Amino acid sequence: MPSSPRLLTNMELDEVIDFLGCIPLLQQLPATSIQQIAQAVKVKHYGSGDYIAREGETSEGMYFVWKGEAEVNPATENSSVGPTVPSMKPGDYFGSATIEPVKDTHKADVVAKNEVICLILGHEKANLLSPASIWCSEREHTGSAGVEQVLQLETLEVDLYRAVTLPGGPAIGYVFGGQFLGQALAAASKSVDPALLVHSLHSYFLRTGDNNEPLIYQVQRLRDGHSFATRHIAAIQKGHTIFVMMASFQRAEEGFTHQELMPSAPNPEELMTAEEIEERYRTDPRLPVDFRNRLLKKTVVPAHIDVRPCNPDDQVKPVAMEPREKVWFRARGKLSDDQALQRCVAAYASDIRLLNTSLRPHRGIAGYRTRSLSLDHSMWFHKSFRADEWLLHVIESPRASNARGLVLGKIFTRSGELVVSTAQEGVIRMINKSKVKAKSKL
């Protein structure tokens with residue numbers, strides 16, 4: 001006979017959290033939901049031959065097979081949705097949890113083949129399976145920071161997501177590279193055990209993206225181990241793969257530690273924001289009045305990231321500068337506490353002004369202007385941090401050649417901890433202004 005349902009013991013709780021974190025259905029939820037579900041499920045034991053569920057009976061909620069094996073009777077034949085599985089093993093699930101007054105009924109008998117233990121999430125906890133946000137289960141999505149909304153993906157099915165481009169990113173005429181980085185990492189993060197966090201990513205920008213078209217992110221599960229997991233992510237638009245990423249995730253563990261010291265930099269409060277720097281050009285006497293009037297007519301959309309360069313270059317009269325730059329940044333608004341989200345936001349922001357550093361020594365060449373486009377981007381995450389608190393990106397470009405520039409970066413917290421390292425290579429070209437003007441007249 002089945003036992004009476006009970007809550008988990010303290011000894012069982014950690015084991016169940018690890019178990020639930022491996023179920024693809026639940027990996028798409030906020031990390032806090034896994035812990036809340038583990039605390040909410042009831043444990044029920046079944047002996048060999050016991051009915052776990054009977055066809056036509058009302059479901060008690062969502063069932064997760066924790067231990068043992070069960071069989072589904074009768075098995076469905078000639079199914080239009082694909083082959084059916086006649087038996088259920090640990091990690092399989094069935095039923096549904098809903099807060100609606102009408103409850104689903106079981107579609108078949110589920111019978112224990114041997115001793116089976118199920119975890120049952122009752123209807124009263126159904127809200128844990130449909131949170132308002134993929135990052136937070138306890139507050140409305142509309143109250144989140146702008147960049148968090150950019151990273152809020154629509155789940156089409158397991159490992160397949162849709163995203164759109166929202167106002168507030170850099171106005172470059174095509175999808176901002178940081179958006180690819182942040183959204184692809186968000187998709188990958190929703191395919192792993194929440195106890196594992198990204199420690200490195202390597203990506204390639206294959207084509208520019210259209211701001212007006214949705215993006216599809218497809219995740220491939222290449223490896224799932226206890227300590228590490230590996231994912232491949234492709235961004236698809238109009239039938240073409242336009243961006244790819246490999247991301248590796250690790251479970252936290254203790255080890256050796258060292259880091260280089262954070263260089264000195266002015267406090268971010270002493271610096272102008274990127275918007276304030278842009279605003280100064282609207283009243284700069286070095287610019288023609290008609291040009292300044294056109295700037296005044298531009299619609300200003302608040303950026304998702306507050307960016308404060310320590311030594312910005314002069315856009316009106318550019319001069320050659322060292323290929324080094326320091327930039328403070330943080331997300332505008334309060335982010336959800338999910339550490340996976342903090343890393344996705346850092347990935348989004350890491351592309352801001354990064355490749356620009358490789359162009360600094362080549363500004364101010366008479367009759368020419370510069371143009372750049374990212375080719376690849378890598379990141380290594382060393383320690384947890386908050387992306388809605390000030391971070392300093394220290395960037396240098398050790399080499400430019402063959403129309404490419406290499407940039408390396410280190411991201412520090414305000415307290416001096418090195419939390420992320422970055423690297424990027426991109427196309428950097430010198431454009432003849434006269435040819436650009438001639439082309440624009442055609």
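**Helix 5 against helix 8**

I looked up which residues bring these two helices together. From helix 5, Gly-178, Gln-179, Leu-181, Gly-182, Leu-185, Ala-186 and Ser-189 touch Ala-340, Arg-343, Cys-344, Ala-347, Tyr-348 and Ser-350 of helix 8. I took contact as heavy atoms within 4.5 Å. Helices (H or I, at least four residues) and strands (E, at least two) are DSSP runs, numbered from the N terminus. By class, I find seven nonpolar, five polar and one charged residues in the contact of helix 5 with helix 8. Ala, Val, Leu, Ile, Met, Phe, Trp, Tyr, Cys and Pro count as nonpolar, Asp, Glu, Lys and Arg as charged, and the others, Gly among them, as polar.

The model is predicted: local features need pLDDT of at least 70, side-chain atom pairs count only at pLDDT 80 or more, and totals for chains, interfaces and linings use all residues. Residues are numbered from 1 along each chain as its sequence is written, and side-chain values use heavy atoms, without hydrogens and water.

Next, the geometry. The axes of helix 5 (residues 177–189) and helix 8 (residues 339–350) come within 6 Å and cross at roughly 160°. Helix 5 is therefore roughly antiparallel to helix 8. Axes are lines fitted to C-alpha atoms, for helices over the stretch in contact, with angles from 0 to 180 degrees between N-to-C directions. Angles under 35 degrees count as roughly parallel, over 145 as roughly antiparallel, 65 to 115 as roughly perpendicular and the rest as oblique. I noted a right-handed crossing for helix 5 and helix 8.

**Helix 1 against helix 3**

The axes of helix 1 (residues 10–20) and helix 3 (residues 31–40) come within 9 Å and cross at roughly 130°. The two helices are therefore oblique to each other. Their crossing is right-handed. Leu-13, Val-16, Ile-17 and Leu-20 of helix 1 meet Ile-34, Gln-35, Ile-37, Ala-38 and Gln-39 of helix 3.

**Second largest pocket**

I read about 740 Å³ of space in the second largest pocket. A pocket is an open set of points on a 1 Å grid over the protein atoms alone, with protein on both sides within 12 Å along at least five of seven lines; a cavity is a set where a 1.4 Å probe fits but cannot get out; lining residues have an atom within 4 Å of a point. Of the 21 lining residues of this pocket, Gln-250, Glu-253, Phe-381, His-382 and Lys-383 are the closest to its centre. Strand 12 (196–205) gives the largest share of the lining, three residues.

**Largest cavity**

I read about 40 Å³ for the largest cavity. Its lining is Val-307, Val-327, Phe-329, Ala-349, Ile-352 and His-393.

Key. Grid points are joined across faces, edges and corners, and a volume is the space filled by probe spheres set on the points. A crossing is left-handed if the near helix is turned anticlockwise from the far one by less than a right angle, and right-handed if clockwise.
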